[in-house]
Amino acid sequence: MNQIIEFFDNITKIQIMDIVIAIAIIMFFKIFSAGFSYIIVKMFKFKTKNSKIIKESAFYKPLKIFFTVLGVYVSIVFLKDSFKITEKVMQIVTKAFEIITVMVFAKGLAESLTPKSSLVKKMKQKMAKPEDDSMFEFILKILRVLIYIIAVFIVITLLGVNLSGLVAGLGIGGVIVTLAAQDTAKNLFGGLVIFIDKPFIVGDWIQMDTFEGTVEDITFRSTRVRTFENSLVNIPNSIISR
C-alpha cells in the first residue's frame, strides 16, 4: 500500500499524460477491433455481401481478441521509456504477446475446420457420397488436434525450451506415457477401421452385446450411441472394431 502511495506521490505530469495516451491506445484498439477484423475477413471473402456471414467467420472473433491484446501490448511499449520498464520485463511482455497470438490464430484455424464453417460446408457439397461425411468429419478432428499440437510446440519453443532436450529427457516418463496411451491408440485405430470398412455411419441403428441404438457421433476414442431408452452411451472404438 505504501509503495502505491509513493508511486502516485512521485508521478510526474508527463507520466500522467502518457498513462492517458496509453489508455486511449487500448480503448482505440478495443473499439475498432471489430472493424479491423471485419475488414481483414472481408478481404478473403470479398464476394460476400452479408455482414452476418463475415462475422460468423472462424477468424472474426480470434482477430478481435488479437487486436485487443495488440492494443495492450502497444500501450506497454509506449510507456516503456516514461516509466523506465526494464528490458527483462519487456521480454516477458513480448513473449506473452507472441504466445497469445499463436494460440488465438491456432484457434481461428481450428475453428475454420469445423462442420459449421463455410469452408467445410463448401467442401462437403463437392463430396460425391453423403455417407462419406463421417470419415470427412473424423479427418477434420484429426487436423484440429494437429493444429493445437503444433501451436503447443511453437509456444514451448517461444518459451526457450529445447524440444530435442525435452524429448530426450522424457526417459522413463516417456515409456510410462507410451504405455498409458496404448488404449487411446487402440481406440484410434479402431475408429479408422470403422471409417474405412464402414460397418455403419452416423444415423445407423447398431446392436452389440449389451447396447443397441442410433449412432450419433464417431470420435477418436469412442462411438456415441443413443439407446432405445434415450440415454447416451460412449462405446470404445476398440470394442466395436473387434
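Reply: Contact here means heavy atoms within 4.5 Å. Among contacts in the chain between residues at least 6 apart in sequence, 52% join residues at least 24 apart. The model is predicted: local features need pLDDT of at least 70, side-chain atom pairs count only at pLDDT 80 or more, and totals for chains, interfaces and linings use all residues. Residues are numbered from 1 along each chain as its sequence is written, and side-chain values use heavy atoms, with hydrogens and water left out.

The chain has 10 helices and 4 strands (DSSP runs numbered from the N terminus: H or I of at least four residues for helices, E of at least two for strands). Along the sequence, the order is α-α-α-α-α-α-α-α-α-β-β-β-β-α. Of its 242 residues, 29% are buried (under 20% relative accessible area, with exposed over 50% and partly exposed in between, using a 1.4 Å probe and protein chains only).

The part to look at closely is the pair α4 and α5. These helices pack at an angle of about 170°, and their axes are 9 Å apart (axes are lines fitted to C-alpha atoms over the stretch in contact, and angles run from 0 to 180 degrees between N-to-C directions). α4 and α5 are therefore roughly antiparallel to each other, a label for angles over 145 degrees. On the α4 side the contact is made by P62, L63, I65, F66, V69, L70, Y73, I76 and V77, and on the α5 side by M90, V93, T94, F97, I100, T101, V104, F105 and G108. By class, this contact has 15 nonpolar residues, 3 polar ones and no charged ones.

Between α4 and α5 runs a loop that holds K84. K84 is not a glycine, yet its phi is positive, about 50°. With a relative accessibility of 72%, K84 counts as exposed.

Of its 14 residues, V41, F66, F67, L70 and F97 touch the most other members. α2 (13-44), α4 (60-79) and α5 (87-111) each supply at least two residues of this core, and α4 gives the largest share, 7 residues. Leaving aside neighbours within four places in sequence, F67 is in contact with F29, S33, F36, S37 and I40. Another core, of 9 residues, lies apart from this one and includes I194, V215, V233 and I235.

Definitions and conventions:
A nonpolar core is a set of buried Ala, Val, Leu, Ile, Met, Phe, Trp, Tyr and Cys residues joined through side-chain atoms within 4.5 Å. Angles under 35 degrees count as roughly parallel, over 145 as roughly antiparallel, 65 to 115 as roughly perpendicular and the rest as oblique. Ala, Val, Leu, Ile, Met, Phe, Trp, Tyr, Cys and Pro count as nonpolar, Asp, Glu, Lys and Arg as charged, and the others, Gly among them, as polar.
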